[in-house]
Amino acid sequence: MLGPVILAASRSDKMRRFVSAAPGTKQVVARFIAGESVDQVVPIIVDAADKGLEVTLDVVGEDITTVEQSHAARDAYLELIDRLKDLGLGTKAEMSVKLSMFGQALEGGHELALANVRPVVEAAAAIGTTVTLDAEDHTTLDSMFAIHDELRKDFPQTGCVIQAYLFRTEADARRLAANGSRVRIVKGAYKEPAEVAYQDKAEIDKAYVRVLRILMEGEGYPMIGSHDPRLISIAQELARRAGRKLDEYEFQMLYGIRSDEHLRLAAEGHRMRVYTAYGTDWYGYFMRRLAEKPANLLFFARSILTK
Ligand code: FAD
């Protein structure tokens, strides 16, 4: 019950101001956000690489309101890619981007987001890595998939994300699996209406398995984005049945969540990528993490009250 309330709050400016100013917030945010700047995140990328993990980097931010902010988002990724190049970490780190941060919701936003994301994808390719387009709320997805198709004409490794909770996703998975795309499958983190999405957790899990099967049996590269132990073992079994080798799919989990499991899967020989978010505009990302697990909210409330 709490999840939808927190997700609604994630879009409220009043709550953003309250949460950002609350004492104790920084300490809880630090569990999920790796740092505020490139300098702070670099040691974390290096440490992950030392442990046999790969990363996908998200410069947090979304729901921007000006074209200048969309350019700043592009530039933040270009700065990050420059640093990865200097560190020689291009093949260990890819980028995850939210098109809303690149201006997708502004007037003429589809073209603006494409124009902003293209140089990022080009720069990533130049250092031997790639970009994955995150999935945001359902109203943004037709534009996201069209941008993904457009980018793949020149950069076929560009990935995208699909969300098991949406009714449309099985059809999207079939199309993407047939055309050989890199696809991250996740349960879905936004507040979606019953007209477009399953609301029941068991229904979402069943849909996730159906989509996993499509991806594993298809021509693309499945990226299993989940911390759910049951889905992880089902993914391993489906990969085995589909005759996929260990380098023909990967697991992905979020920084700060089930870190032991990151290491366990990597030690088993799986490619394990840690989605590592950093930056100052962490509010939306942080609230979705609270919504996923109500215990996080209790922890957060306690840390505010004890400050
Ligand atoms: P759950 O059933 O929610 O969780 C399984 C277990 O994992 C829980 O019991 C708990 O132990 C642990 N866990 C899960 N979440 C948390 C948490 N926040 N705090 C503490 N413990 C937790 N969603 C999108 O809509 N678009 C995206 O582009 C997107 N990208 C993602 C990328 C990655 C790499 C991952 C892992 C998730 C992404 N998500 C995205 C979020 C996703 O949709 C889910 O909201 C999130 O992964 C929780 O679902 P779960 O599969 O882990 O299963």
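Start at the ligand. The shell of residues around the ligand divides into nine nonpolar, seven polar and eight charged. Here Ala, Val, Leu, Ile, Met, Phe, Trp, Tyr, Cys and Pro count as nonpolar, Asp, Glu, Lys and Arg as charged, and the others, Gly among them, as polar.

Before going on, note that this is a predicted model: local features need pLDDT of at least 70, side-chain atom pairs count only at pLDDT 80 or more, and totals for chains, interfaces and linings use all residues. Residues are numbered from 1 along each chain as its sequence is written.

**Stop 1: the ligand shell.** Select Asp-134, Val-186, Gly-225, Ser-226 and His-227. Of the 24 residues around the ligand, these come nearest. A residue is near if its C-beta atom, placed from the backbone, lies within 6 Å of the molecule. Next, colour β4 (159-163), β5 (182-186), β7 (250-254) and α12 (283-292), the elements that give two or more residues to the shell. Which element gives the largest share? β7 does, with three residues. Helices (H or I, at least four residues) and strands (E, at least two) are DSSP runs, numbered from the N terminus. Now colour by domain, with bounds from an automatic or database domain assignment. Domain 1 (1-33 + 282-307) and domain 2 (36-281) each supply at least three residues of the shell.

**Stop 2: Arg-258.** Move to the loop between β7 and α11 (259-267), where Arg-258 sits. Arg-258 is not a glycine, yet its phi is positive, about 50°. Buried or partly exposed? Arg-258 is partly exposed, with 16 other C-beta atoms within 10 Å. Buried means 20 or more such atoms, exposed 12 or fewer, and partly exposed in between, with C-beta atoms placed from the backbone.

**Stop 3: the core.** Select Val-97, Val-120, Ile-185, Val-211, Leu-215 and Ala-277. They have the most contacts inside the largest nonpolar core, which has 88 residues. Such a core is a set of buried Ala, Val, Leu, Ile, Met, Phe, Trp, Tyr and Cys residues joined through C-beta atoms within 7 Å. Helix α9 (residues 201-217) gives the most to this core, seven residues.

Centre on Leu-215. Beyond its neighbours within four places in sequence, Leu-215 is in contact with Ala-173, Ala-177, Val-183, Ile-185, Gly-220 and Pro-222. Contact means C-beta atoms, placed from the backbone, within 7 Å.

**Stop 4: zoom out.** The protein has 13 helices and eight strands. Its C-alpha trace spans about 55 × 40 × 40 Å along the principal axes. Buried residues make up 43% of the 307 residues.

Note on methods:
Two residues are in contact if their C-beta atoms, placed from the backbone, lie within 7 Å.
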